[in-house]
Structures are given as structure tokens and as C-alpha cells.
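Me: I'm new to this structure and would like to go through it with you. Could we take it one question at a time?

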Amino acid sequence: MAPPPSSTYSSVTLDVNGDKHTLTVDHRTTLLDALRERLDMTGTKKGCDQGQCGACTVLLDGRRTVACLQLAVAAEGRAVTTVEGLAEDDQLHPVQQAFLDLDGFQCGYCTPGQICSAIAVIEEHAAGWPSAVTGDIRPEAGPPPLTAEEIRERMSGNLCRCGAYASIVQAVGRAAAVHAEGVARAQTPQAPQLPQLPQSPQPPQTAKTERPAA
């Protein structure tokens, strides 16, 4: 079979979850199809294929994007993080753990996209990004309280056909609280450890001699 014409194909190197993969892809290949069909990373789901449901959400340089509208050739040189790359060894990401603990899913098809989007939501909120329901959007106001209304608005691009929204909101709220605690702990100055002074040698003890009874 003749090789594909070079005018419509390119060799790209994708950095996915810290590993580099070199592929020859059609210029029209989406990042979603490259992940699922070429790299066998099926955690990222194909839903509407029109950028409307959020099931294919991944992180691109830490920012959320719908992989069905992102061309694979445009992702070269950028860090792609999928749901498969969130856990560290046997330790789930705090957002994954919160979804598990609070049943933030039902059938689970939309869950990888929900989790990736939630991670970005927490980072965006911590950075002070306002949403459509934020009352005070002045930069000096700082991040607004991450209320249920804020979470619903910020996660509105991810649809759950099973209707597990109440648990999803709770899971994002819990994960955000864990994130805030970790940031506060990291920013708290640690008390310096005082060096231990060497102990002075103890004088030798002399054995007591008992006097004979008179």
C-alpha cells in the first residue's frame, strides 16, 4: 500500500501523561481519536463529538479542553493529561477519591470528563477566575466562595445523562476543600527545628558502703 500523501499527514509527538508518543496522523484527526484509536487510552469518552457534552474533557497544559474539537497536530509540544494519568501509583487523585466516596456518578460514562473538568475548576477558582454567577468580579476581591451555585455554573459544560448532579457538586466541593487545606498547609511556615545540645557527662556514681551496726 502506498504511503499517504505528506500534504495531508504529519508526524507528531504527543506528550500524554508524561510519556511521549510519536504518531503519523491525518491533519484532521482529533486529539480524542488519537487518544482512543491510536494510543488505546479509552478513558477519555466520545459522546456528542461536537464539543457540547464534555465527556471527552482532558487537560492541556493544565487547562481543560474538549478533545473532540482539538486537533492532534495542534497538541504537539503541550502536556496532555487524561484520566489515566491522574492517580499516583495506588493513590487516587483527591477529585477521583471524592467522586468515589460521594457517588458522583451512576453509569460512569461521563465521569472521566467530569473529573478532569473538576480538577481544572478547582485550579481556576483558586486563581481567582470569576464565573457567570460571581457577584464581585474585581481582581482585588479574590476568589469567591465556592458555593454549590458556583460549582454548578463552572461544571455546566459537562453533562450527566444519569442526573448525578447533586453528588457531583458535593464531590467537587469536598475536593476543593482538600485542595485548599493542602495549599494552606504548604504556605504555613514551619517552626525551625532547634539543634539538640549535647548532654553533659554525668559524674560517676560511687557505691555506698554500709557501716556495721554498733
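This is a predicted model: local features need pLDDT of at least 70, side-chain atom pairs count only at pLDDT 80 or more; totals for chains, interfaces and linings use all residues.

Me: Where does threonine 29 lie, and which residues is it in contact with, leaving aside neighbours within four places in sequence?
Reply: Look at the loop that runs between strand E2 (19–26) and helix H1 (31–38), where you will find threonine 29. Once neighbours within four places in sequence are left aside, threonine 29 is in contact with Ala34, Leu71 and Ala72.

Me: Why do the buried residues of H2 line one face of the helix?
Reply: Helix H2 covers residues 94–101, and Val95, Gln96, Ala98 and Phe99 are buried there. Seen down the axis of H2, these buried residues line one face because they fall within an arc of 165°.

Me: Which helices do the buried residues of H2 pack against?
Reply: Start from the buried residues of H2, which include Val95 and Phe99. Their packing partners are helix H3 (111–126) and helix H5 (165–187).

Me: In the hairpin of E3 and E4, which residue in the turn has a positive phi?
Reply: Strand E3 (residues 57–60) pairs with strand E4 (residues 63–66) in the antiparallel sense, over 4 bridges. Within this pairing, leucine 59 has arginine 64 in E4 as its bridge partner. The hairpin leaves 2 residues between the strands, and the turn residue with a positive phi, about 55°, is aspartate 61.

Technical notes:
Residues are numbered from 1 along each chain as its sequence is written. Side-chain values use heavy atoms; hydrogens and water are left out. Buried means under 20% relative accessible area, exposed over 50%, partly exposed in between (1.4 Å probe, protein chains only). The arc is that of the directions from the helix axis to the C-beta atoms. Contact means heavy atoms within 4.5 Å. Two strands pair if DSSP finds at least two bridges between them.
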